[in-house]
Amino acid sequence: MKTLWVVLLLALTGGLHAQTAVPTEDDPLTAKREVELASKLRCLVCQNQSIADSHASLAVDLRRQIREQIAAGKSDAEIVNFMTDRYGDFVLYQPPFKATTLLLWLGPLLLLALGALVVVRVVRGRRQAGPPLSDDERARAEALLAGKESGQ
Amino acid sequence: MKKAALYLIPLAAFVILAVFLLRGLWLNPREVPSPLIGKAAPMFERPNLHQPGLQFASKQMMGQVWIFNVWASWCTPCRQEHPLWNELATKKLVPIIGMNYKDDADAAKKWLADLGDPYTLTIVDDDGRLGIDYGVYGVPETFIIDKQGVIRHKHIGPVTPEAIEKQIVPLVRELQKS
């Protein structure tokens, strides 16, 4: 985890030198929060990257926005709200739990329960043996098991 | 009989999944629904591209329907949709305000001089902050804002003749009546 942070911070500060005038290295706490927030937010230009990873100009602008709001004393929740107010829940890698995302969150559990139900039913079905063997059948089975008779 | 029904479950599950995936083929992941639709358009005061000393306040548009088109001279798809705005502008149906997004003012002016200027006026968003307020992520983007200053429609990417004829113009007309 620590290494991940180091890598992220290094990646970010590298970008910052090139793109902005505000050196965040001065305040490691701000930088850490910025990276933390930025990695939770999806970049809308290159949708499989977070704002922290992306070099798209929008991502750079949004990082600047995050930095400024941290400096202005905004809480993480306020900053995330700022983003979702403008870009929607789509920017959150972790979507909120609400009516429209119910299926998204509970779907896997539902499927798991369904799977468990199927397993239980199958196993139970297996346990219920058929009618007991007749004496004849039993004798033949024993013969087969002993290898005396070659069954077809 | 019961067993046969049980075997149909995976088939049904497959069909449902296939329908969703098939639908996904025709969805555009770049078109992210804007949370701003139905909400008040963010107010702004921005300099005019042609007269940088002159500030334009969006308040002035209250009481009329207007189109807000985000463009930039570096944006290739903007070039593609531009003739459509020129055409719409000649109809004088609705004011079209341009937001020149993260652009160089001289390049922007040259672009308008070369390709025609359909905009009632163009405001400058050189640092992209106004763009962020409007949730802009892929230029060109177009907003339709009603008389009360509420965003009623957002078109992401270049408009097409169909979008203008079937969505934008009818919506503008309808909003102008109300």
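Colleague: By class, how many nonpolar, polar and charged residues does the lining of the largest cavity have?

Modeller: This is a predicted model, in which local features need pLDDT of at least 70, side-chain atom pairs count only at pLDDT 80 or more, and totals for chains, interfaces and linings use all residues. Residues are numbered from 1 along each chain as its sequence is written, chains are lettered from A and ligands numbered from 1 in the order in which they are written, and side-chain values use heavy atoms, with hydrogens and water left out.

Modeller: As to classes, Ala, Val, Leu, Ile, Met, Phe, Trp, Tyr, Cys and Pro count as nonpolar, Asp, Glu, Lys and Arg as charged, and the others, Gly among them, as polar. Here the lining has eight nonpolar, two polar and no charged residues; among them are Met43(B), Trp66(B) and Gly149(B).

Colleague: How many salt bridges does the rule find across the interface of chain A and chain B?

Modeller: A salt bridge requires a side-chain nitrogen of Lys or Arg within 4 Å of a carboxyl oxygen of Asp or Glu. The rule finds three across this interface. One joins Lys102(B) to Asp61(A), whose closest N and O atoms are 2.4 Å apart.

Colleague: How many residues does the contact take from chain A and from chain B?

Modeller: Contact means heavy atoms within 4.5 Å. By that criterion, chain A contributes 19 residues and chain B 17 residues.

Notes
On a 1 Å grid over the protein atoms alone, a cavity is a set of points where a 1.4 Å probe fits but cannot get out, and a pocket is an open set with protein on both sides within 12 Å along at least five of seven lines; lining residues have an atom within 4 Å of a point.
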